[in-house]
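Here is a short report on one protein chain. Have the sequence and the coordinates open as you read.

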Amino acid sequence: MNSPSSLHRRERAAPAPFAGDRATGHAVAQAAQRPGPSGAGSVSFEHLGKVFHSPAGDVHALRDIGVEIPAGRIFGIIGRSGAGKSSLLRTINRLERPTTGRVLVDGNDIGALDERGLVSLRRRIGMIFQHFNLLSAKTVWDNVALPLKVAGVPRAEIAQRVEALLALVGLEAKHRAYPGRLSGGQKQRVGIARALVHRPEILLCDEATSALDPETTQSILALLRDINHRFGLTIVLITHEMRVIREICDNVLVLEGGRVAEHGPVWQVFGNPRHDATRALLQPLQAGLPDDLARLLQPTPPAHGAFEQLIELHYTGSGDAAPELARIATALGGQARLLHAGLDRIQGHTQGRLLLAAAGAGLSAETLASHRLSQHAKVLGYVPAHD
């Protein structure tokens with residue numbers, strides 16, 4: 001095995017999870033690469049429904065879900081507790097059978113598979129879990145090797161795959177360690193390596209970062225992104241954290257009460273959320289009006305003394321409008337101050353808002369709209385002029 005640098009340092013520097021020089025990284029990639037057909041790994045839900053029966057009554061976990069997940073994408077599923085996220089994810093590898101509708105993997109209805117076909121499907125779909133699901137009595141190496149041993153893979157090939165995958169996730173030096181001696185991030189790396197042993201086309205992530213601290217979460221997301229880019233795996237993850245969706249996903253599906261609230265490219269859903277559930281989930285990422293300004297804000301101009309209009313410019317990421325400060329200052333008569341800003345750039349689209357103060361009361365929402373300074377503009381009210 002290669003002798004890696006300190007694992008502690010590696011986990012902090014996770015954007016480069018492949019150890020060693022270019023030749024070593026290439027060898028690892030070759031050993032871990034799946035030989036599956038190009039473009040494999042698409043998932044489609046067609047009018048999917050799931051009902052759980054209980055003495056207390058039926059629970060409709062999923063209702064008429066119709067969504068397509070293109071091959072090779074990182075697809076996020078988010079929703080509040082009880083929205084149906086886990087139920088939907090588990091239909092992809094048929095850990096849950098739909099009550100109505102179909103799940104198609106690469107165009108094939110997985111509900112029609114017999115036992116042998118189901119075993120084959122599950123080898124094409126890896127899965128990682130929130131609480132890692134490692135065997136405490138087995139070493140890191142044995143935990144990763146176990147699915148291959150069960151499948152009857154020759155010993156030499158098992159050794160080659162396990163060593164390559166431990167190098168991929170940065171755990172070469174921990175191959176003899178037991179799970180009890182690992183950090184949470186290291187345990188999840190073992191889980192990722194184990195999920196990749198059958199060279200899957202699809203990787204399912206069930207709240208894979210929820211039990212981790214923010215720094216370790218970033219390292220795991222960087223590793224998943226790198227795996228997606230290198231091998232073209234389709235990654236489907238569920239989470240309750242919009243930050244995770246923003247960090248890694250190409251597309252997002254928002255569930256509410258077992259139904260599709262909305263879905264689309266991450267930048268579009270984040271920039272212009274259309275459903276109350278989406279807006280509620282995004283709220284922790286959006287800064288409100290600063291408290292000091294909220295206390296001073298008045299709905300009408302003060303009767304005495306100088307005052308300023310408080311203006312909000314909102315950018316959704318669509319269209320041509322961008323936060324061009326020189327143009328904004330000109331449109332506001334050159335008497336404008338930037339009070340607060342919260343801008344982000346997602347998938348090449350600038351989103352967020354600017355909060356400005358402009359002298360006097362000469363601007364209306366219609367005037368602001370005519371300047372096309374942003375996708376949405378409004379006058380929030382009036383505050384005393386800055387000294």
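## Strand β8 and its neighbours

The bridge partner of I77 in β8 is I238. This pairing belongs to a predicted model. Strands β3 and β8 run parallel and share five bridges. β7 also pairs with β8, again in parallel and over five bridges. There, L203 has I235 of β8 as its bridge partner.

How many of the six residues of β8 (residues 234–239) are buried? Six of the six are, and the strand is mostly covered. T234, V236 and I238 point one way from β8. I235, L237 and T239 point the other way, and these are buried too.

## The six-stranded sheet

β8 sits in an open sheet of six strands with mixed pairing. The order is β6-β7-β8-β3-β9-β10. β6 (125–129) and β10 (259–265) are the edge strands. Each has a single partner strand, so one side of each lacks a neighbour in the sheet. From one strand to the next, the twist averages 15 degrees.

G79 has L255 of β9 as its bridge partner. Helix α7 (residues 184–195) packs on the sheet and touches β6 and β7 (202–206). The direction of α7 makes about 165 degrees with that of β6.

## Nonpolar cores

In soluble globular proteins, nonpolar side chains tend to be buried together. Here the largest nonpolar core has 54 residues. Which of its residues touch the most other members? They are I192, L224 and I245. Helix α8 (residues 214–231) gives the most to this core, with six residues.

Leaving aside residues up to four places away in sequence, I192 touches I128, V169, I220, L223, L224 and I227. A second, separate core has 26 residues. Among them are V43, I69, V105 and I238.

## Helix α6

Several α6 residues are buried: I158, R161, V162, A164, L165, L166, A167 and L168. Just after the helix, G170 takes a positive phi of about 80 degrees.

## Strand β11 and its partners

Strand β11 (residues 307–315) has eight of its nine residues buried, so it is largely enclosed by the rest of the structure. β11 pairs with strand β14 (residues 376–384) in the antiparallel sense, over eight bridges. Eight bridges also join β11 to strand β13 (residues 349–359), and this pair runs antiparallel.

L313 has a bridge partner in each of these strands. In β14 the partner of L313 is A377. In β13 the partner of L313 is L354.

## The whole chain

The protein has 14 helices and 14 strands. Of its 387 residues, 46% are buried. The accessible surface comes to about 18700 Å². Carbon and sulfur atoms account for 49% of that surface.

Consider contacts between residues at least 6 apart in sequence. Of these, 73% join residues at least 24 apart.

Definitions and conventions
Residues numbered from 1 in each chain as written. Predicted model: local features only at pLDDT ≥ 70, side-chain atom pairs only at ≥ 80, totals over all residues. Heavy atoms only, no water. Buried < 20%, exposed > 50% of the residue type's maximum accessible area, 1.4 Å probe, protein only. Helix = DSSP H or I, 4+ residues; strand = E, 2+ residues; numbered from the N terminus. Pairing = 2+ DSSP bridges. Axes fitted to C-alpha atoms, helices over the stretch in contact; angles between N-to-C directions. Contact = heavy atoms within 4.5 Å. Areas by Shrake-Rupley, 256 points an atom, 1.4 Å probe, with all protein chains shown as cover. Core = buried A, V, L, I, M, F, W, Y, C linked by side-chain atoms within 4.5 Å.
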